[in-house]
Amino acid sequence: MKPYVYVTRKVPEEIYHKLQEQYDVDMWPEEEVQVPRELLLEKAQKADALLTVISDQLDEELFSEAKNLKVVANMAVGYDNVDLDAASKHQIAICNTPDVLTDTTADLTFALLLATARRMIESAEFVKEGKWKSWSPMLLAGTDVHHKKIGIVGMGKIGTVVAKRAAGFDMEIIYHNRSRHEVAEEMLGATYCSFDELLETADFVVCLAPLTEHTRGMFQREQFQKMKKDAIFINASRGAIINEQALYDALVAGEIAAAGLDVFEKEPISADHPLLSLSNVVALPHIGSATKETRMAMMETCCENLDAIFNDRPPKTLVNKNLLSL
Ligand code: DGY
């Protein structure tokens, strides 16, 4: 009998058929609507494997009832939607999709920085709405990116590649991270500094830290107040790292100049969220890794991980590596 795999979001036919060759595949058929929690719990109870997305909450309640579950292939590098301890307790392998999305996510992060600094979304809307009457010296003037100071909070793989992009723009690079990143220091001239120093001196504060118990709520009003008044804040990691109300208040009070956000505390952010009413906020629907090539590569990685588990090989991108020693 083929292992039963439940896929929690509609995937392209190519991936679906590939999975079907080896597994008994069941899939939530919607592309934009999340699988209801009750149904996910019901499917998990008989699944040998789950292929999930970041909006699925995978916790003790789910794992304790999922008696056959061997592996979760989570289609993301981040796995803050998974209770890792609970998964390990039930000996369920959790796999993610790092590496294949690094460059793509760094591209989007830098594009968001450029779009926010150069007011690109506002300018594009201005043209489409027929508001452009003539060339004017200060019309939609933004702020320079080149030769400015970028402060990267979270110098992991994506942070390092963002730093590489920044070096190409002749930016001075400072960073704050749990540990020093010698390669970024030597190859890109990045300078390690304290969180406070980064906040106080960077022209662009770019958050790329993973969401953990240490980073949750890391940016409160106090942190925004420490930034330069003309600083631009970019978040491309997880929304819960910042307090959105504090960000809104800081923007309205003119304590920072603008924000570019690809992620939100609650996704999807509601259309009437106060942050979306501000012209100096560029908001995107969590599209960091969203290119056709990268999304396919992420799904391929999920397939490879399932393949490894069902063929008694260690998965390439296992998160709870402690399971290997069991
Ligand atoms: C990730 O991979 O963690 C992204 O945020 C989802 O694309």
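Which way do Ala258, Gly260, Ala259 and Leu261 point from strand S11 (residues 258–261), and are these residues buried or exposed? Ala258 and Gly260 point one way, Ala259 and Leu261 point the other way, and all are buried. Here buried denotes a relative accessible area under 20%, exposed one over 50%, and partly exposed a value in between, with a 1.4 Å probe and protein chains only. In a regular strand, side chains alternate between the two faces of the sheet.

The model is predicted, so that local features need pLDDT of at least 70 and side-chain atom pairs count only at pLDDT 80 or more, while totals for chains, interfaces and linings use all residues. Residues are numbered from 1 along each chain as its sequence is written, and side-chain values use heavy atoms, with hydrogens and water left out.

The chain as a whole has twelve helices and twelve strands; these are DSSP runs numbered from the N terminus, helices being H or I of at least four residues and strands E of at least two. With 326 residues, a compact globule would have a radius of gyration near 20 Å, and the 21 Å of the chain agrees with this. That radius is taken over C-alpha atoms, and the globule rule is 2.2 Å times the number of residues to the power 0.38. The C-alpha trace spans about 70 × 45 × 30 Å along its principal axes. Of the 326 residues, 49% count as buried. Contact means heavy atoms within 4.5 Å; among contacts between residues at least 6 apart in sequence, 57% join residues at least 24 apart.

Strand S11 belongs to an open sheet of seven strands in the order S8-S7-S6-S9-S10-S11-S12, with parallel pairing. The edge strands, S8 (191–192) and S12 (281–283), each pair on one side only. Two strands pair if DSSP finds at least two bridges between them. Four bridges link strand S10 (residues 232–235) to S11 in the parallel sense, and Ile232 has Ala258 in S11 as its bridge partner.

Glu30 is partly exposed, with a relative accessible area of 35%. Apart from neighbours within four places in sequence, Glu30 is in contact with Arg9 and Lys10.
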